[in-house]
Amino acid sequence: MTVRVVLVRPWTDAHGGTGCCGGDARDGICFEGRVDGPREHDAEVNLVAEAYLRLRREMPEIDVQIVGADNTAYLLPSVFRAVRGRRGTLAALREVNRATTGGSVLVDGERVGDVTELGTDGVVREVRRRAALPTG
Amino acid sequence: MPAIAVAVVVGVLFFLGYRYYSAYLAEKVYALDAAFVTPAHQFNDGIDFVPTNKHVVFGHHFTSVAGAAPIVGPAIAVFWGWGPALAWIVLGTIFAAGVHDFGSLAVSLRHRAKNIGTIAHDVISKRARTLFLLIIFFLLTLVNAVFAVVIGNLFVANPGAVIPIVVEIPIAIFIGQYIYKTRSAALVPSLVGVVLLYALIWVGQQYPVDLAPLASAIGIENPRNLWVILLFAYTFVASRLPVWMLLQPRDYINSHQLFIALGVIGLGMLVGWNEIVAPVVNDVPEGSPSIFPFLFITIACGAISGFHSLVSSGTTAKQIDKETDARYVGYMGAVGEGSLATGAVLAATAGVVATRGEWDALYPDFATASGGAVGNFVNGVGVFANNLGVPLDLAVIFAAVVVISFAATTMDTGVRLQRYIVQEIAELAGWHKLARNLSLAGLVAVAVPLAMALIPGGGDAGYTFGVLWRLFGTTNQLTAGLALTVVAVWVLRMKRNPLPAVIPLVFLLAMTTWALFSQFWDFTQGESWSERWVLAPLDAVIFILAVWLIVEAVGALRRGSRREYDESGSPLGDDRDVTTR
């Protein structure tokens with residue numbers, strides 16, 4: 001069975017915006033864009049990106065996704081479904097909440113750590129361990 | 001007829017549209033290819049360009065495009081009867097919005113996920129870039145003005161909604177800071193935010209806030225105008241805050257509210273089995289705006305929204321994993337918006353009142369109908385919530401809080417986006433000081449719609465709904481026209497059938513220019529100076545933009561794309577101008 005890994009975007013990598021004529025409040029929505037204010041959160045965004053690219057490169061057989069913490073329409077049902085079968089409804093609900101933590105690393109719905117705390121190497125190691133793949 | 005039966009029929013039609021028409025578009029018109037290397041793979045950087053599961057992309061895309069605007073237009077348009085309003089929502093969603101949203105995404109995928117404005121410059125002409133900026137500038141100006149008045153009116157009509165909405169701001173900031181500082185999960189704090197918000201509805205009901213005495217003390221005749229001024233002052237400040245600090249936690253709370261409201265509308269309709277009491281086709285009084293062309297620009301985003309092309313091409317295209325996923329994400333985004341619009345029609349025709357006579361009293365003429373439209377929707381949703389056991393007075397405040405929350409977030413984002421547009425225009429015009437000064441650009445972004453919202457005249461309802469909403473509708477349809485032109489030119493260049501894009505394009509441009517011309521005539525004959533010296537010139541400027549767009553569209557369709565393409569439909573040439581953050 002394919003191992004599903006989700007890296008949750010950092011809370012500060014927010015796009016925001018709701019609705020027709022207000023969706024997606026990001027710079028450069030029409031053209032090239034310009035830097036909009038301080039970008040102190042870039043380091044964490046880059047860390048997630050780096051972990052993502054390494055997982056794709058080193059473990060092409062697993063399914064890796066980057067998902068916004070605000071994408072509840074996807075995160076909530078997918079995590080609930082993935083965990084409930086193995087650990088029951090209560091545990092699934094707990095994981096659903098934990099999954100909305102920015103910077104989370106989820107393996108088959110379960111939160112196994114935080115990108116900032118684990119670092120890129122730690123993320124790859126943890127995913128390998130969880131996926132029980134031989135280390136290379 | 002029971003509202004729930006109509007909702008089911010519309011749902012079936014949307015399903016058929018997706019099942020068959022979008023399949024035709026995918027195969028024969030856009031010729032999607034599962035083996036095509038999408039920009040997400042080509043430029044995969046793990047930040048913006050990320051190949052992503054289609055359900056993840058849809059979650060992001062739908063919450064970016066679904067909001068308050070598709071509620072306003074349909075709630076006004078039932079003035080002509082629920083039949084024509086619903087017919088345009090269904091046909092427009094299936095044959096225009098689906099083609100537009102899906103097409104913008106497909107074109108962007110074949111243009112290295114560039115934004116639609118940049119592609120218009122590439123495909124149509126260099127002038128198309130300026131045209132695009134100007135249309136978006138007017139669109140955002142009008143939408144911000146309209147929403148400020150929507151909120152002002154709702155605050156005046158539902159003073160119990162003031163406390164929950166105002167206190168939601170510090171709650172959202174607190175939640176944002178809490179999540180950021182403690183690196184905790186967002187779900188529970190945001191759910192607590194929703195519970196607090198609804199608890200505050202009770203507090204608001206006990207302590208309604210009426211600004212009328214303050215407004216009259218400082219010489220403002222209409223308390224709504226004081227709310228409008230306060231709202232723009234707030235958005236000026238809010239648009240300078242980082243998105244994660246206020247907008248994102250508020251959005252998080254709103255996303256829960258979106259699902260709660262959709263559930264309340266659907267379940268309430270089912271439990272209450274409310275009958276549609278409005279006429280299928282309304283015999284409107286003499287002198288009312290005619291169904292052709294005004295129904296189409298009034299419904300606006302409820303049937304097709306040009307703004308979706310910005311989201312489709314700006315962000316969504318960078319995340320599409322397989323080109324074939326564009327069908328689900330793009331077309332279903334349009335269907336989602338059409339479903340919200342259908343809910344608005346049913347709330348304003350079945351929920352709000354129980355008899356035909358009561359409904360006629362709410363929609364006696366266009367000015368009253370348009371001025372009260374959002375209130376009618378709010379009361380309609382309130383009745384649906386009441387069917388589920390919520391006391392009616394609390395249920396109405398609940399519905400008002402939902403609508404105001406959405407409108408306020410749209411304003412927050414709209415002012416922020418307008419600032420970007422002001423900066424883009426300033427850069428283009430060589431006004432570098434304005435382009436680089438965020439405060440100055442923000443001030444322009446706030447001052448222009450504020451002036452629009454405060455235009456004197458137009459009776460109790462003001463000009464906002466009767467006039468500014470229709471002008472907003474025209475700019476929204478022109479944006480869609482520009483995107484459809486890009487789609488049609490690209491499809492034509494690939495020697496495929498361009499008619500699915502050309503037919504809605506021609507229809508939209510015909511309705512828009514007809515409406516603008518007709519309104520211009522009325523404004524010039526108007527009694528107040530606002531009509532003759534503000535609204536008529538504004539209408540004329542948008543009319544000129546519409547004619548400009550028609551000239552560009554005809555030229556581009558006749559001569560073909562400026563870009564050269566390979567056989568698969570991808571542009572030849574370098575990719576140095578690929579949009580990145």
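Colleague: Which residues in H11(B) meet which residues in H18(B)?

Modeller: B:Leu231, B:Thr235 and B:Ala238 in H11(B) meet B:Met411, B:Asp412 and B:Val415 in H18(B). Contact here requires the C-beta atoms of two residues, placed from the backbone, to lie within 7 Å. By class, this contact of H11(B) with H18(B) has 4 nonpolar, 1 polar and 1 charged residues. Nonpolar covers Ala, Val, Leu, Ile, Met, Phe, Trp, Tyr, Cys and Pro, charged covers Asp, Glu, Lys and Arg, and the others, Gly among them, are polar.

This is a predicted model, in which local features need pLDDT of at least 70 and side-chain atom pairs count only at pLDDT 80 or more, while totals for chains, interfaces and linings use all residues. Residues are numbered from 1 along each chain as its sequence is written, and chains are lettered from A and ligands numbered from 1 in the order in which they are written.

Colleague: At what angle do the axes of H11(B) and H18(B) cross?

Modeller: The axes of H11 (residues 223–238) and H18 (residues 392–429) of chain B cross at roughly 60 degrees and come within 9 Å. H11(B) is therefore oblique to H18(B). Angles under 35 degrees count as roughly parallel, over 145 as roughly antiparallel, 65 to 115 as roughly perpendicular and the rest as oblique. Axes are lines fitted to C-alpha atoms, for helices over the stretch in contact, and angles run from 0 to 180 degrees between N-to-C directions. The helices themselves are DSSP runs (H or I, at least four residues; strands are E, at least two), numbered from the N terminus.

Colleague: And is that crossing left-handed or right-handed?

Modeller: H11(B) passes H18(B) in a right-handed crossing. Right-handed means that the near helix is turned clockwise from the far one by less than a right angle, and left-handed that it is turned anticlockwise.

Colleague: How does H7(B) pack with H18(B)?

Modeller: H7 (residues 127–157) of chain B packs with H18(B) at an angle of about 150 degrees, and their axes are 8 Å apart. H7(B) is thus roughly antiparallel to H18(B). The contact has 21 nonpolar, 6 polar and 1 charged residues, and the crossing is left-handed.

Colleague: What about H22(B) and H23(B)?

Modeller: H22 (residues 499–524) and H23 (residues 529–559) of chain B pack at about 155 degrees, with axes 9 Å apart. These two helices are therefore roughly antiparallel. Their contact divides into 16 nonpolar, 4 polar and 3 charged residues.

Colleague: Back to H11: is B:Leu226 buried or exposed?

Modeller: B:Leu226, which lies in H11 of chain B, is buried because 20 other C-beta atoms lie within 10 Å. The cut-offs are 20 or more such atoms within 10 Å for buried, 12 or fewer for exposed and in between for partly exposed, with C-beta atoms placed from the backbone. Beyond four places in sequence, B:Leu226 is in contact with B:Leu211, B:Leu214, B:Ala215 and B:Ile220.

Colleague: What is the mean pLDDT of chain B?

Modeller: The mean is 90, and 96% of the residues of chain B reach 70 or more; pLDDT is the predictor's confidence in each residue, from 0 to 100. Over residues 575–581 of chain B, however, the pLDDT is below 50. Where pLDDT is low, the predicted coordinates should not be read in detail.

Colleague: How many helices and strands has chain A?

Modeller: Chain A has 4 helices and 4 strands, running β-α-β-α-α-β-β-α from the N terminus.
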